[in-house]
Amino acid sequence: MNVIDLRSDTVTKPTPEMRRAMMEAEVGDDVYGEDPTVNHLEQRAAEIAGKEAALFVPTGTMGNTIAVKLLTEHGQEVICDSRAHLLDYELSMVAWFSGCVIRAIQTEDGILSWDRIAPLIKPVNPYSAPTGLVEIENTHNMWGGTIYPQKTVREICDGAHDRGLKVHMDGARIFNAAAALGLPVREIAAPADTLMFCLSKGLGAPSGSILAGPANLIAKGRLYRKRLGGGMRQIGVLAAACLVALDQSPRKLFDDHCNAKFLAEGLARIPGIQVDPARVQTNIVVFDVTGTGVPSAAISSRLKERGVLMNAINDRQVRGVTHYDVDRAAITRALEMVAGAVAS
């Protein structure tokens, strides 16, 4: 039985073109700055991000961790959404590595606004941690791949900069936002001081993420990468696959979005499942299973028995993520398995 894996777009397998590029990659010692393929990737990534420089890191978590460290001082606050990846899925690195605390804002869809942020900004005072950074997640993972309107991004960044604050964009899936909005990544990220994006999610590279920003900060970030154990030596073999991913994979994302919409429409027809297909903007579908009377973890377990992998993300919701290794036929079969799982 072929397993249909909708747990995440991190499960994508490298394409034949990526594997061939890895085999043929020219390499050197990246800690010495001598890996030509990594250097090429960082230059290309900086161009795409519209920033002065870029740094290749093993993971998105490391990229976000370095960004927060670069843009804050110990004892400050970082403002973000209450379900942000930075808060819930990065082992409290904001506190552990940067010595900061998070001021979380509850939203209805993961999209912050300047009106919500401004009242929570704290100046230096004798009692509270002063605000040092605003972080926005675009697209937003746990809210189902929602996208920041570009007007909202500009308002947040302009407001923060007027108050002397920096803005970091966790753009793990920013290429999905670009595909949905019809805008280049550099335009979406332009108002933010730094951008992190993943190469190993929807773009399909086997590993790696990028942190992009001002050249002086990225140079300092290279030292933080080493402190975190991210000096990876002859990593041109990975960078080669990432270059192929940057060149070839963005054009596939629209199909992923269409498949996610198809998935949501099918789920909405299953009794007891609640999901609004109109709210599905990219490749993530979060659906509520409360009405089925079956706990989300049990549904996930039943689906696994049927050859479909989807993760329960809390006691009410299950998440499905489309990617280029799951086609429309597989989505159709997955829907049949969901219907069976909630009925049994």
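These questions and answers cover the nonpolar cores and cavities of a predicted model.

Visitor: Which residues touch the most other members of the largest nonpolar core?
Guide: This core has 54 residues. Helix H11, residues 236–248, gives the most to this core, with eight residues. The residues that touch the most other members are Phe197 and Leu199.

Visitor: Which residues does Leu199 touch, not counting residues up to four places away in sequence?
Guide: Contact here means heavy atoms within 4.5 Å. With residues up to four places away in sequence left out, Leu199 touches Leu41, Phe56, Gly204, Ala205, Gly208, Ser209, Ile210, Cys242 and Leu246.

Visitor: How many residues are in the second, separate core?
Guide: Leu6, Ile299, Val326 and Val342 are included in this second core. Its count of residues is 27.

Visitor: Which helix gives the most to the lining of the largest cavity?
Guide: The cavity has a volume of about 40 Å³, and its lining consists of Asn64, Thr65, Val68, Leu86, Glu90, Ser92, Met93 and Val94. Two elements give two or more residues to this lining: helix H3 (60–71) and helix H5 (93–96). The most, three residues, comes from H3.

Visitor: How many residues in the lining of the second largest cavity are charged?
Guide: This cavity holds about 30 Å³ of space. Its lining is made up of Ala172, Arg173, Phe175, Asn176, Cys198, Lys201, Gly202 and Leu203. Arg and Lys count as charged, so Arg173 and Lys201 belong to that class. Alongside four nonpolar and two polar residues, the number of charged ones is two.

Technical notes
Residues are numbered from 1 along each chain as its sequence is written. This is a predicted model: local features need pLDDT of at least 70, side-chain atom pairs count only at pLDDT 80 or more; totals for chains, interfaces and linings use all residues. Side-chain values use heavy atoms; hydrogens and water are left out. A nonpolar core is a set of buried Ala, Val, Leu, Ile, Met, Phe, Trp, Tyr and Cys residues joined through side-chain atoms within 4.5 Å. Buried means under 20% relative accessible area, exposed over 50%, partly exposed in between (1.4 Å probe, protein chains only). Helices (H or I, at least four residues) and strands (E, at least two) are DSSP runs, numbered from the N terminus. On a 1 Å grid over the protein atoms alone, a cavity is a set of points where a 1.4 Å probe fits but cannot get out, and a pocket is an open set with protein on both sides within 12 Å along at least five of seven lines; lining residues have an atom within 4 Å of a point. Grid points are joined across faces, edges and corners, and a volume is the space filled by probe spheres set on the points.
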